[in-house]
Amino acid sequence: MAASNTVKYGIIGVGMMGREHLINLHHLRTENVAVVCIADPHVSSQKLALELAQSFGWPLTVFSGHQDLLDSGLCDVVVVSSPNMTHYQILMDIIHHPKPHHVLVEKPLCTTVADCRKVVYAAKKRSDMLVQVGLEYRYMPPVAKLIEIVKGGSLGQVKMVAIREHRFPFLVKVNNWNRFNANTGGTLVEKCCHFFDLMRLFASADPVRVMASGAIDVNHKDEVYDGKVPDIIDNAYVIIEFDNGSRGMLDLCMFAEGSKNEQEISVVGDIGKGEAFVPESIVRYGTRVAGRDGVQTLKAEDDRIKYDGLHHGSSYLEHLNFLSAIRAKGEKAPAVDLQDGLISVAIGVAAQLSIEKGRFVTIKEVMDEHHWNDSV
């Protein structure tokens, strides 16, 4: 393949996740991709990304701001992996830039529903750009296998989706930005938009109302940054009711390092049940008729993954998928679009509000009355 066919990437925000994208793209180099530029205001992050790129033999142009990167014209695709609260302005600048750039934006799309909707609306006018949202948990092999089982009809009509995430506390990020709701959108937006996206996918339905209970009980209580104590919750239960009568439940605990699995997903239909376990990479499923003795256990693997990284190979598959959409030149929509990003944030915002208000919160309340599908 000629060098002119190389898809050139720029990464905006090269903290932990930005560097993870850099490594994933290096493992995709046989697909004729290259990271050619980065933008980040933090010199320490720039330096770490440069060292990585040098070890891959990739020369990088470094910018301190995203606008300079866009104006350079060096790249065709932009990965946005900057802190959550910066997504809105960066995305708007990319969308309004004269040169079209395809975009992979890390979750959450934005920290508020209003900002997400402005991005969705603006992007509708750019038919020359693809925008994919980084809800890559869909690609984790056990989750992807469970999606396949559910979509294949083996479980019947889905009635209940339960997701348990029991894990370690939030990691330390640049300037501790992820310690505050104002920057992240809140834990249920920042972390859990992944799970709300999966619930919607499994249920094949849109959310109607949300009830949540949560608090900051163990983590970060003795931390102080610029005189402020973190306000992000570290545990919650969230119940979501969908428009087809199915229900979802999230059980989140971020002080549960003593767990065999970080994620356990259960999907129950009217004729069967399926479960996925991460990182064990096990899927179990069975039918009511066959009972306990008929439950099958599979090891879920994907031979395409060349790099497991921080998310069990899902980021690698996400990039592979997005690249195929880019190369299809408008014939293929991104697998996870802006509408998916918007609704996953809306559920998280409703859950955060439910905790604050102590009541059910309707999606209509956080979205205002708006037809679901008019944004795509």
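Arg 164 is partly exposed, with a relative accessible area of 37%; here buried means under 20% relative accessible area, exposed over 50%, and partly exposed in between (1.4 Å probe, protein chains only). The model is predicted, so local features need pLDDT of at least 70 and side-chain atom pairs count only at pLDDT 80 or more, while totals for chains, interfaces and linings use all residues. Residues are numbered from 1 along each chain as its sequence is written, and side-chain values use heavy atoms, with hydrogens and water left out.

Arg 164 forms a salt bridge with Asp 251, with 3.1 Å between the closest N and O atoms. The term covers a side-chain nitrogen of Lys or Arg within 4 Å of a carboxyl oxygen of Asp or Glu. This pair links distant parts of the chain, as Asp 251 is in strand E10 (residues 247-253) and Arg 164 in strand E7, 87 residues apart. Helices (H or I, at least four residues) and strands (E, at least two) are DSSP runs, numbered from the N terminus. Asp 251 counts as buried because its relative accessibility is 11%.

The whole structure holds 18 salt bridges. Side chains of opposite charge can pair when their charged atoms come close. Another salt bridge joins Arg 138 and Asp 340 (3.7 Å, N to O). Arg 138 sits in the loop between strand E6 (131-134) and helix H6 (141-151), and Asp 340 in helix H11 (residues 338-357), 202 residues apart. Both Arg 138 and Asp 340 are buried. Salt bridges that share partners join Arg 138, Asp 197, Arg 200, Asp 206 and Asp 340 into one network.

Asp 197 and Arg 200 are also among the buried residues of H9. Helix H9 (residues 193-203) is largely enclosed by the rest of the structure, because 10 of its 11 residues are buried. Ser 204 follows H9 and has a positive phi, near 50 degrees.

Asp 128 pairs with Arg 126 in a salt bridge, the closest N and O atoms being 2.9 Å apart. Asp 128 is partly exposed at 36% relative accessible area, whereas Arg 126, at 14%, counts as buried.

Asp 128 also belongs to the lining of the second largest pocket, where His 102, Asp 128, Met 129, Leu 130 and Val 131 lie nearest the centre among 30 lining residues. A pocket is found on a 1 Å grid over the protein atoms alone, as an open set of points where a 1.4 Å probe fits, with protein on both sides within 12 Å along at least five of seven lines; lining residues have an atom within 4 Å of a point. The volume of this pocket is about 700 Å³. Helix H5 (113-123) and helix H10 (314-327) each supply at least two lining residues. Val 120 lies in helix H5 and is buried at 2% relative accessibility.

The largest pocket has a volume of about 980 Å³. Its lining has 49 residues, with Met 16, Met 17, Lys 173, Trp 177 and Glu 190 closest to the centre. Helix H1 (16-27), helix H2 (43-56) and helix H4 (87-95) are the elements that give two or more residues to this lining.

Met 16 is also part of a nonpolar surface patch of about 310 Å², together with Phe 168, Leu 171 and Leu 310. Such a patch joins nonpolar side chains (Val, Leu, Ile, Met, Phe, Trp, Tyr) within 5 Å, from residues with over 30% relative accessible area and no salt bridge. Phe 168 is in the loop between strand E7 (158-166) and helix H7 (181-184), and is partly exposed at 32% relative accessibility.

Technical notes. Patch = residues over 30% accessible without salt bridge, like charges linked within 9 Å, V, L, I, M, F, W, Y side chains within 5 Å. Areas by Shrake-Rupley, 256 points an atom, 1.4 Å probe, with all protein chains shown as cover. Points joined across faces, edges and corners; volume = space filled by probe spheres on them.
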